[in-house]
Amino acid sequence: MYTTASEIALLKYVRQPKNIPVPKVYCCSCDISNHVGAEYIIMEKAEGVSLLQKWGDIKEFDRLQLIKGLTKLEHQLSSVKFPAYGSLYFLPPPGDCAKYQAIEHASDSAGLYCIRPSCDRAFMSDSTARLTGLYINNGPSFLQMQWPVFLKPPVEYVKGIVKVKLPANFDALDPDEKAFAELEWEKSKLAKAYEVSSYLENTTRWESLGFTRKCLFSFNDADIEKHESQYQEYQDWNKVQELARECLDTDEEGWISPELDFDKKKEQNKELLDLFINQTAEEKSVEEARAMWPFSKHIQCLYLGGSGVPRFRAGSLRATFDCGEVRTDDARKEQDGEEKRREERRAIKNTIPHNPASLLASAAVPAFKCPAGTKMHILDLGTLEADESWLLRGANASTLSNKNPVNKRRKLTILSALIEYPGVGLILYETGCAEDLEVAWGAPLTDVFARTEYSDKQTLPGAIRAAGYDIKDVKAIIIGHLHLDHAGGLEHFVGTDVPIYVHEEEFKHACWAIATGADLGVYLGHYMLLEKLNWNTFPDSQLDLFQGIILHHSPGHTPGLCIMQVNLEKDGTFIWTSDQFHVKENYSVGHPHGGLARDHNAWYRSLQMIRRLQRLYNAKIVFGHDKEVADELIAAKAFYE
């Protein structure tokens, strides 16, 4: 009730006197006893498109102008003065709280608004108030100041009026390291532009407050040392909040999308909290660790609309769960005492890795791993060779100093995953090229993407046989995308009832491409047989096809591409990217596709999603065609389990 009421008041307040372009509220209610049975806000759709969709295409000068405009807007908002800290509401405020203060300012000549205690979740709960990001609250400036997400600087960023430079050893770096350094440099330049522009627009000097003498406050060494200690605690608290939000796919308020599996998030929250308590056993008591965890009591579920679409925060959609008590009972407390319990937690802690990636991987809910006995084989289905410009944007481009560069060519491995899954049988992820490539593809494709290595053991039946199985025993096929080098092997399953799982957007696009001859002919009719193959499409953005095998919709290279996440019991998580990433550089430094690019903005969003998955599960990445990475994985083990 309080959050919705404050959001409504804020939208109307900002829109009127400040003339800031925010959506107009058409209808709203903070009372769940209304005819809808839930709180709601219906507002106009914001014009334009999300900045995220255009950011990658905006020129540097225009980006700088946008940043300048952003800081001017921030200055306009920060210039609004309120009589107290808290949240903005209409008069009279909701609830029975008598603590509020009318604004009584020129910006509210009609006397419509007031400030009452903050509606932030951390302050509304019965737990100790904590410092939080205040979105719709009027609070101290040092709490409000934070980097915009899309301008957040790299870890090694240096604040202040300092020129942003490439590393001193830049010339000695290898190509991948140079690309990464340049990416960090670009991010730092934009962050510096925001920092400087924000300083020029929003800095409040001591003199501007109306004082003529020097500041009356001074701090001795003990004060400074105490402040540094407290600030370190504050930074540690923020790191814990960020860790929890990233793992649980939520925000500061604990809202999660109904598209996600709430039971999974509930279990992950419990696992993470328990691990955090064990991880900090030497420094903090159980109670102190729980107090730092942002969701030690509950998480709420929220429908989130897309870009420019109003959000509907419905009370009936909320769900809560109890994280469970981790305190020992009174008898044990009496018997062993606090010190003994600390020793026990210390012993547990020693078995848990200290780095965040390993912590998150450990918290990835073991119940959702593949069952014991699952084996994953990486099948080598031959090698193609192509000009690098197909894979990396700008590769082999001429320059003034090198007008005729030697075109670098790359060897591209063709891969498939064969999974022996208890209770199901053999599951195949992608099927490689057609066996008779020259006939199925024809010129000029066989010249552009030439097959250079192919033996009996690299045919799909031969590779499965070399792993100790028979292609006739395959019980299910997953197709990441339906391009000719990933789905050509479906020719072996024509006339069978083996289910073929593919995203419906991919299936529809492939049918359209074949029917019209569009999209460079990368979809071929010889395997897109509608009546002779057992097609099974799905619309989900995330599909748990089998326990521990999850498909994630990752559009970009194609509209319906799906990566496959495999959570193995012993060897951990693997992410098969199909052609979302042809080669390692597409992922490691975010180098976009070259001539094979389709929807760059969607590709970039999928890149961020997969990077988050990798951090969350500490996953190994299997790229679509990176021969070096594939050879290392194949040489390391006959199979993974």
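# Touring a predicted model

The protein exposes about 33,800 Å², with carbon and sulfur atoms supplying 53% of that area. Keep in mind that this is a predicted model.

Visitor: What share of the contacts with a separation of 6 or more comes from residues 24 or more positions apart?
Guide: Contact here means heavy atoms within 4.5 Å. Take the contacts in the protein with a separation of 6 or more, then pick out those between residues 24 or more positions apart. That share is 68%.

Visitor: Which helices each supply at least two residues of the negative patch?
Guide: The patch sits on the surface and gathers Asp 174, Asp 176, Glu 177, Glu 628 and Glu 632. Helix 6 spans 175–202 and helix 19 spans 627–636. Each of them supplies at least two of the patch residues, so set those spans against the patch members and you get helix 6 and helix 19.

Visitor: Glu 177: buried, partly exposed or exposed?
Guide: Glu 177 has its place in helix 6 and belongs to the negative patch. Its relative accessibility is 40%.

Visitor: What about Ser 188: is it buried or exposed, and which residues does it contact beyond four places in sequence?
Guide: Ser 188 is also found in helix 6. Its relative accessible area is 10%, so it is buried. Leaving aside neighbours within four places in sequence, its contacts are Pro 154, Tyr 157 and Val 164.

Visitor: What is omega for the cis bond that joins Ala 443 and Pro 444?
Guide: Pro 444 lies in the loop between helix 12 (437–440) and helix 13 (445–448). The peptide bond joining Ala 443 and Pro 444 is cis, and its omega is about 5°.

Visitor: What is the phi of Asn 396?
Guide: Most residues other than glycine have a negative phi. Asn 396 lies in the loop between strand 9 (375–387) and strand 10 (409–421). Although Asn 396 is not a glycine, its phi is positive, at about 65°.

Visitor: Glu 430 has a positive phi too; what is its relative accessible area?
Guide: Glu 430 is found in the loop between strand 11 (425–429) and helix 12. Its phi is near 70°. Glu 430 is buried, with a relative accessible area of 3%.

Visitor: Last stop: how far apart in space are Ala 467 and His 377?
Guide: Ala 467 is found in the loop between helix 14 (460–466) and strand 13 (474–478), and it is partly exposed at 21% relative accessible area. Not counting residues up to four places away in sequence, Ala 467 touches His 377, Leu 379 and Leu 418. Ala 467 and His 377 are 90 residues apart in sequence, while their C-alpha to C-alpha distance is 7.3 Å.

Conventions: Residues numbered from 1 in each chain as written. Predicted model: local features only at pLDDT ≥ 70, side-chain atom pairs only at ≥ 80, totals over all residues. Heavy atoms only, no water. Patch = residues over 30% accessible without salt bridge, like charges linked within 9 Å, V, L, I, M, F, W, Y side chains within 5 Å. Areas by Shrake-Rupley, 256 points an atom, 1.4 Å probe, with all protein chains shown as cover. Salt bridge = Lys/Arg side-chain N within 4 Å of Asp/Glu carboxyl O. Lys, Arg positive; Asp, Glu negative; His and termini not counted. Charge placed at Lys NZ, Arg CZ, Asp CG, Glu CD. Helix = DSSP H or I, 4+ residues; strand = E, 2+ residues; numbered from the N terminus. Buried < 20%, exposed > 50% of the residue type's maximum accessible area, 1.4 Å probe, protein only.
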